[in-house]
Amino acid sequence: MPKDGGIGASSKRREDVRFLTGVGNYTDDINLHGQAHVFFLRSDVAHGTLTSVDTSAAEGMPGVVKVFTGADFEGVGSIPCGWQVTDKHGEPMQEPAHPVLAQGKVRHVGEPIAAVVAETLAQARDAAEAINVDIAELPAVVDMKDALKDGATKVHDDLNNNLCYDWGFVEENKAATDKAFEDAAHVTTLELINNRLVANPMEPRVAVGDYARGTDEHTLYTTSQNPHVIRLLMGAFVLGIPEHKLRVVAPDVGGGFGTKIFHYQEEAFCTFAAKACNRPVKWTSSRSEAFISDAHGRDHVTKIELALDADNNFTALRTETHANMGAYLSTFAPSVPTWLHGTLMAGNYKTPLIYVNVKAVFTNTVPVDAYRGAGRPEATFQLERVVDKAARELGVDPIALRRQNFITEFPYATPVAVEYDTGDYHATMDKLEEMGDFAGFAARRAESEKNGKLRGLGVNCYIEACGIAPSNLVGQLGARAGLYESATVRVNATGGLVVMTGSHSHGQGHETSFAQVVAEMIGIDESMIEIVHGDTSKVPMGMGTYGSRSIAVGGSAMVRATEKIINKAKKIASHLLEASETDIELKDGAFSVAGTDKSVAWGDVTLAAYVPHNYPLEDIEPGLEETAFYDPSNFTYPSGAYACEVEVDPDTGKVSIERFAAADDFGNIINPMIVTGQVHGGLAQGIGQALLENCAYDENGQLLSASYMDYAMPRADDLPMFSVDHSCQTPCTHNPLGVKGCGEAGAIGSPPAVVNAVVDALQSAGKDVTHVDMPLSPDRVWAAMNG
């Protein structure tokens with residue numbers, strides 16, 4: 001039976017009360033007294049020299065407060081990159097400047113050239129239209145391989161070329177890996193594209209800058225997944241504002257999916273302009289702006305090769321990937337195709353030799369950075385597609401080939417420098433076969449054939465690295481920030497708690513699940529616990545939310561802080577109960593003396609902490625508040641097995657998903673209902689990439705899919721009822737909760753399952769099709785079927 005509360009209970013999300021009744025407090029709901037509005041004039045060409053920007057007409061228009069251009073930011077720092085990658089020759093990556101407003105050149109459609117601050121948004125927009133911009137258009141480079149050719153147009157004139165870095169990993173493995181391919185009994189090769197995506201969270205980005213001249217203090221309200229990181233990057237590296245003079249607030253945030261991790265030009269502009277104009281300045285992105293200003297995701301072109309011996313054991317894997325950086329380096333962009341991708345190429349398999357090469361390339365497109373899964377979906381897609389292709393080439397069952405090569409002993413050190421602490425890949429596959437009713441597939445296929453449809457079954461496995469850690473290791477790998485998390489637990493005199501966390505919630509249900517953890521530890525009702533996040537003036541320095549780190553890293557910090565609270569409370573209780581501290585036990589919200597019926601309630605102890613009449617002050621200082629920082633010793637490694645059944649219409653190529661099953665191992669589960677919801681959301685996004693979504697540019701750098709008219713988002717009728725299970729639990733061994741991340745799994749495991757299913761359907765009909773690139777639109781599938 002489900003628990004009434006605490007860890008393991010499907011407690012309803014408390015935050016949904018305000019979200020579903022329309023009383024959430026989002027950044028766009030914030031309107032400050034005297035605020036002005038900003039409209040950005042953005043480049044409509046992908047590459048060109050700014051010969052002139054004439055703002056004279058705009059400056060005299062009604063309501064205009066001030067017009068800004070790149071000249072106003074010449075003494076301002078560049079938008080920083082938060083991760084430096086060193087290439088395979090030991091050289092640092094090429095790192096171009098990223099101005100707040102364009103200076104000298106424009107490098108992608110959507111780059112802001114000028115900004116108008118006016119009394120109303122309409123006035124700002126009208127004035128922006130009056131700005132006369134003269135751009136000497138230059139050839140745009142969009143294709144990554146073309147960008148690396150000799151004589152290619154350079155995106156940045158001050159760089160040597162368009163290659164950000166050429167990364168090899170593990171470089172020491174390369175010779176042995178190449179030799180293994182020479183000796184292989186069978187080699188499977190696959191070239192594929194991981195299509196570029198636009199994140200499209202429900203809430204577009206918003207920034208409100210405020211400045212208090214009397215105290216010289218800045219406040220930025222923004223849609224961010226990590227306000228402390230924004231404060232650090234913007235304050236220290238862009239605007240030169242001391243951290244104690246800069247407050248960053250991220251209130252309710254309506255989805256992020258990675259795209260709200262990063263520090264953007266608009267945030268720096270609104271903070272800067274608020275001081276320059278001596279009044280609050282607000283910007284709210286339109287959906288059209290989001291398509292050309294939010295960081296995009298994925299965009300890899302890869303060749304992957306798998307070597308096998310005569311017994312079908314995997315002996316080596318090597319990949320060559322071109323990864324698009326876009327025109328500038330977004331905050332964590334360099335880490336995505338390297339440390340978040342290359343380190344996961346082992347997958348669930350005991351492949352002894354792996355070599356990964358990544359060439360990161362600048363192009364005249366919107367910058368590319370982390371998107372739900374960030375590197376792990378790209379790795380899983382490559383690996384699970386080549387394994388499936390190998391099974392078909394060898395004429396063996398795809399599940400049997402996977403099972404034969406599964407890692408079975410833990411801990412397991414992979415050849416790509418990570419160590420899996422726990423896992424049971426056979427158990428998740430067993431569960432998947434049960435959930436997916438594989439035994440009944442033949443009958444379902446026959447029924448589809450009667451109806452003139454082709455039915456296919458695709459499976460895949462995945463493993464993910466979550467909660468990137470530890471800080472000292474990632475620092476050696478190029479991270480320019482720590483990746484710990486913080487928590488402060490403040491107990492009120494009457495027993496209620498306020499938990500202040502550096503993790504940020506933007507749809508995950510943290511206010512519910514975090515409260516469950518603390519409530520379980522103390523034995524009190526979850527309603528007595530308030531979760532506070534998103535305000536740098538209230539919470540200790542923390543790294544925010546991304547990479548499925550919140551419960552594993554942020555939750556662990558709360559556990560450590562709560563343990564300190566309990567330990568101090570036990571000291572107080574020992575005085576109240578006149579017993580030894582070592583004999584004090586806490587259970588169900590009461591302290592008792594072991595082996596006796598003497599007890600004192602939680603609320604009585606907390607009151608005594610603030611009204612210390614019954615214990616000596618020289619032994620225990622008053623109050624009950626503790627802070628803890630948690631820096632994990634390793635990643636967590638959730639894993640799973642997914643199955644997809646599709647029907648393909650042979651006349652049109654249209655794919656419909658008929659069944660989808662997901663068996664995941666997330667370690668210990670805090671709230672099963674929330675976890676299921678996270679998997680559902682990830683599956684929808686992964687299926688969206690597999691079937692529908694595609695961010696496409698023409699040869700001139702114009703975005704062809706710049707609105708929902710041309711960019712197809714998944715809808716409810718595109719998706720089946722999902723069958724989801726997370727009962728196969730191998731708890732994490734190195735965090736106090738035994739938890740693993742769950743938020744990105746669905747987006748990682750679903751794309752290869754869909755593509756594998758479609759290839760299976762086509763091959764079952766005798767079609768010589770080994771691969772179809774995503775998205776599997778009807779025209780692509782029809783073309784593949786018809787040669």
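Trainee: How much space lies in the second largest cavity?
Mentor: About 50 Å³. Keep in mind that this is a predicted model.

Trainee: And which residues line the second largest cavity?
Mentor: The lining is made up of Arg298, His300, Ala323, Asn324, Met325, Ala333, Val336, Pro337, Val368, Asp369 and Glu378.

Trainee: Which strand gives the most to that lining?
Mentor: That's β14, residues 314-326, which supplies three residues to the second largest cavity.

Trainee: How does the lining split by class?
Mentor: For the second largest cavity you get six nonpolar, two polar and three charged residues.

Trainee: OK, switching to the largest cavity. What volume does it have?
Mentor: The largest cavity comes to about 160 Å³.

Trainee: How many residues line the largest cavity, and which lie nearest its centre?
Mentor: There are 21 lining residues, and His98, Tyr264, Gln265, Ser293 and Pro367 are the ones nearest the centre. Two elements, α7 (265-277) and α8 (287-293), each give two or more residues to that lining.

Trainee: Which domains does the lining of the largest cavity draw on?
Mentor: Domain 1 (27-138 + 200-293) and domain 2 (296-469 + 634-786) each provide at least three residues.

Trainee: What about the classes there?
Mentor: In the largest cavity's lining, 10 residues are nonpolar, eight are polar and three are charged.

Trainee: Last one: how many cavities of 30 Å³ or more are there?
Mentor: Four, with that volume as the cut-off.

Notes
Residues numbered from 1 in each chain as written. Predicted model: local features only at pLDDT ≥ 70, side-chain atom pairs only at ≥ 80, totals over all residues. Heavy atoms only, no water. 1 Å grid on protein atoms, 1.4 Å probe; cavity = no way out; pocket = protein on both sides within 12 Å on 5 of 7 lines; lining within 4 Å. Points joined across faces, edges and corners; volume = space filled by probe spheres on them. Helix = DSSP H or I, 4+ residues; strand = E, 2+ residues; numbered from the N terminus. Nonpolar A, V, L, I, M, F, W, Y, C, P; charged D, E, K, R; others polar. Domains from an automatic or database assignment.
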